[in-house]
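Here is a short tour of one protein chain, written for someone who likes to check geometry against coordinates. Have the viewer open and follow along from the whole chain down to single residues.

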Amino acid sequence: MTEDQQYAAVLADLCAAHHAFTPPQATTVSAGATQNLVIRQPGTAGGPWDKDETPYMVEPMDILGSRLHEACIFVGPARTGKTLGLLLGAMSHIVVNDPGDILFIQMTQDKAREFSKTDVRRAIDYSPNLSNMLSSNASDRNTHDIMFRNGMWLRIAWPTVSNVSGSTYRFSFITDLDRIPNAENVDGEGPLFDLARKRTTTFLSRGMTLAESSPGIEITDPGWKPATPHEAPPVSGVVGLYNRGDRRRWYWKCPHCESDFEAAPGLGLFHLPPDDQLIETVRTTDLEVMAKSYGSRIIPPCCGAEIPFSEKQALNRTGRWVSESEMLGNGKPKNKIASYWLGGVAAAYQSWESLVLRYLQGLRDYAITGSEESLKATINTDQGAPYMARHLVEMQNGALTPAERAADLPRYVVPEWTRCLVASVDVQGGSTARFEVQVHAVGPYLEQQLVDRYAIKDSKREGMGSDFAPIDPAGYAEDWNQLTEKVLMATYRTGTENREIKIRLCVVDTGGEDGVTDRAYAWWRSLKPLGFADRAMLYKGANTKGAPILRKTWQGKRNDKDKGDVPVYVCNPNLLSDAVAAGLRRQTPGPGYIHFPKPKHPTQNPGGWLPQAFFDELGAEVRGKDGVWEKVRKRNESFDLCRMIRAGLLRLGLDKIKDWSVVPAWLAPLELNSEIMTVEARRAMKEDEVVSVPLPTPQVRIVNRPKSRRRAVASPYLG
Ligand SMILES: [Zn+2]
């Protein structure tokens with residue numbers, strides 16, 4: 001800019017100063033947005049913001065200009081046009097018609113920069129009424145601060161104490177509140193919403209605070225029932241703020257019977273089959289076909305006549321917000337906080353079909369892997385509803401515990417659907433030193449059955465009298481040979497005589513008292529010459545909450561340059577626990593379900609082989625609010641051993657198999673499985689065994705080895 005140009009710019013600004021003294025235009029925020037905000041998607045001509053596209057935005061936007069209200073809360077899914085309406089629409093009105101400093105609070109500094117450079121930048125560039133208001137002095141503008149010719153500031157910041165407790169603003173607008181990690185407490189100063197609201201109080205009735213977000217805080221009380229028609233679950237975050245306000249919901253008018261009904265958050269209007277039924281079928285159903293059929297229409301509660309998707313925009317155009325006090329017949333609300341909760345079914349930019357499809361996909365993910373992440377994401381951001389963890393949902397349904405579901409199952413015998421056997425070993429030191437061993441038969445989609453559980457307490461070393469010495473996993477390397485002999489060389493009976501199945505993988509914990517780790521490494525090295533190294537997996541629980549579920553590391557290095565020669569799998573116990581717990585909650589056999597034998601009982605089941613203590617240990621850990629599992633009973637071995645077996649299944653890549661009719665030979669059905677051996681072969685293997693010195697690979701005759709139809713089953717968690 002030359003000096004002349006700069007002078008001209010300053011002069012223009014000075015002359016434009018009368019803007020600051022113009023009285024606020026008596027126009028609504030939504031009308032102001034229509035006048036002043038031009039929307040242009042890349043590659044389109046663009047046009048003014050159109051209230052008819054998102055009619056549900058009009059009232060919340062207009063509240064932002066209301067002198068009767070101090071705050072506006074908007075709970076709603078993505079794809080509602082809330083950024084356009086509540087942030088950019090309101091901004092364009094304020095800049096042109098009703099100047100006052102604005103503070104936009106974005107999730108992080110990066111988000112603030114992004115929002116400034118894309119959304120805000122484009123809104124100003126495409127809207128002549130806004131770009132004309134820009135101060136022509138370039139120094140009045142940077143990524144986070146924009147000054148307009150009328151003297152008003154727009155600040156685009158992120159939640160730190162200095163950003164939200166320094167200056168005062170007439171408007172504080174918080175975006176994505178529930179995605180902000182420190183929203184509950186900003187640097188020890190209190191909740192973000194309250195801090196932001198304080199910024200506006202000097203403006204009295206002209207100040208306004210907005211918080212908008214899709215719900216993100218989980219429901220923790222499975223027993224909660226709404227006390228009033230519009231009450232939301234008792235959670236913190238944006239839903240909690242909604243409850244503090246006057247609780248408005250979006251109602252549609254039924255085109256068939258003219259009744260009003262709520263476009264409620266969630267998927268209630270689609271009348272999907274119940275969840276427990278869906279979970280059983282999502283794996284085998286064509287989800288796209290199902291979503292097309294269920295998402296083509298809604299069925300309102302009034303008359304039950306179907307309303308097709310083509311009517312959605314018409315429903316929104318005649319829709320209206322109804323507050324709780326109107327709902328209860330008490331007239332207009334008097335609350336200073338206007339609060340809105342919109343369901344995903346009304347979201348202008350999301351089809352019903354995709355809304356249903358995303359839910360079904362989330363359920364399928366959960367059914368196959370036990371992971372709730374995508375299910376939670378679609379419920380929060382597509383449906384606009386808060387999430388309740390599956391174990392709580394199922395608790396509501398009066399579900400049976402694993403012990404109550406247990407059946408008469410024999411020890412040492414695998415079920416006919418078995419594809420492989422996986423064992424896990426907990427290493428205990430001290431006065432009760434032992435190896436605690438658990439063995440699961442594993443079938444398609446990780447369905448499992450407990451076929452053995454025992455402790456190895458004796459070593460092969462000489463002990464007192466004629467007994468063997470007690471085992472000492474921390475002290476004696478040779479005691480670990482018991483695992484080779486008793487676990488790696490064990491076989492289990494199938495339903496067919498003279499056909500037994502070997503253990504494919506044995507997962508061993510390497511943590512615990514001093515000495516255990518080194519002995520475990522030495523044991524793994526001893527397996528290499530025996531040809532068993534591939535069948536043993538050393539396990540270590542990760543220390544950090546955000547660790548990946550399974551990560552292969554190399555340990556046992558002798559010096560700094562050494563890379564280590566022992567593979568150790570560092571696992572995230574919390575994520576494994578989630579997956580195990582998902583299987584334990586299942587009420588019917590299927591993916592991840594674990595079949596347990598009935599516990600031994602003196603009168604009801606005297607012939608049982610599994611003690612009741614097994615089930616007590618199984619319930620010894622509970623998931624905390626933060627997703628961290630904690631022990632609530634002293635002994636938790638059963639659960640821990642299930643968790644390690646789960647890690648083994650991931651290491652084998654079983655979670656990635658989509659089609660169980662195309663698998664490697666070791667995963668084939670029993671009649672074709674390459675891990676099957678005859679009783680004679682097993683005896684020969686055991687006789688050959690001299691575990692203290694290196695051995696050639698045991699000679700094993702495998703019957704009926706099928707032509708290997710290999711398919712890559714490598715787990716993505718490796719490497
Ligand atoms: Zn109706």
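A residue counts as buried here if 20 or more other C-beta atoms lie within 10 Å of its own, with the C-beta atoms placed from the backbone. By that rule, 44% of the 719 residues of the protein chain are buried. Please keep in mind that this is a predicted model.

**The whole chain**

Along its principal axes, the C-alpha trace spans about 105 × 65 × 45 Å. The secondary structure comes to 24 helices and 29 strands. If we take contacts between residues at least 6 apart in sequence, 70% of them join residues at least 24 apart.

The chain is divided into domain 1, residues 239-387, and domain 2, residues 402-682. Their centres, taken over C-alpha atoms, are separated by 43 Å. At the contact between them, 9 residues of domain 1 meet 11 residues of domain 2. On the domain 1 side, the elements that give two or more residues are α11 (275-281) and α15 (352-369). Helix α15 gives the most to that side, with 4 residues. By class, the domain 1 side holds 3 nonpolar, 3 polar and 3 charged residues.

In soluble globular proteins, nonpolar side chains tend to be buried together. The largest nonpolar core in this model has 182 residues, and those touching the most other members are I73, V425, C506, V507 and V508. Helix α15 turns up again here, giving the most to this core with 10 residues. Domain 1 and domain 2 each supply at least three residues to the core.

Leaving aside residues up to four places away in sequence, C506 touches A423, V425, L483, V487, L488, R535 and A536.

An open sheet of 8 strands runs in the order β24-β25-β23-β22-β15-β16-β17-β26, with mixed pairing. Strands β24 (550-555) and β26 (594-595) stand at the edges with a single partner strand each, so one side of each is left without a neighbour in the sheet. Within this sheet, β22 (505-509) and β23 (536-541) pair in the parallel sense over 4 bridges.

A second open sheet has 3 strands in the order β20-β21-β29, and its pairing is antiparallel. Its edge strands, β20 (491-493) and β29 (676-677), each pair on one side only. Strand β21 (500-502) is joined to β29 by 2 bridges, and I501 stands opposite I676 of β29.

Strands of a sheet pair through backbone hydrogen bonds, either parallel or antiparallel.

| Partner of β9 | Sense | Bridges | An example bridge pair |
|---|---|---|---|
| β14 (residues 337-341) | parallel | 2 bridges | R248 and Y340 |
| β13 (residues 320-322) | antiparallel | 3 bridges | R249 and V322 |
| β10 (residues 260-262) | antiparallel | 3 bridges | Y251 and E262 |

Strands β9 and β10 also form a hairpin with 6 residues between them. In the turn, E258 has a positive phi of about 70°.

**Helix α21: a quick geometry check**

Among the buried ones are P573, L575, D578, V580 and R585.

R405 is found in helix α18, residues 402-405. With 18 C-beta neighbours inside 10 Å, R405 counts as partly exposed. R405 and H595 are 190 residues apart in sequence, while their C-alpha atoms are 8.3 Å apart in space.

Technical notes:
Residues numbered from 1 in each chain as written. Predicted model: local features only at pLDDT ≥ 70, side-chain atom pairs only at ≥ 80, totals over all residues. Domains from an automatic or database assignment. Contact = placed C-beta atoms within 7 Å. Nonpolar A, V, L, I, M, F, W, Y, C, P; charged D, E, K, R; others polar. Core = buried A, V, L, I, M, F, W, Y, C linked by C-beta atoms within 7 Å. Buried ≥ 20, exposed ≤ 12 C-beta atoms within 10 Å, placed from the backbone. Pairing = 2+ DSSP bridges.
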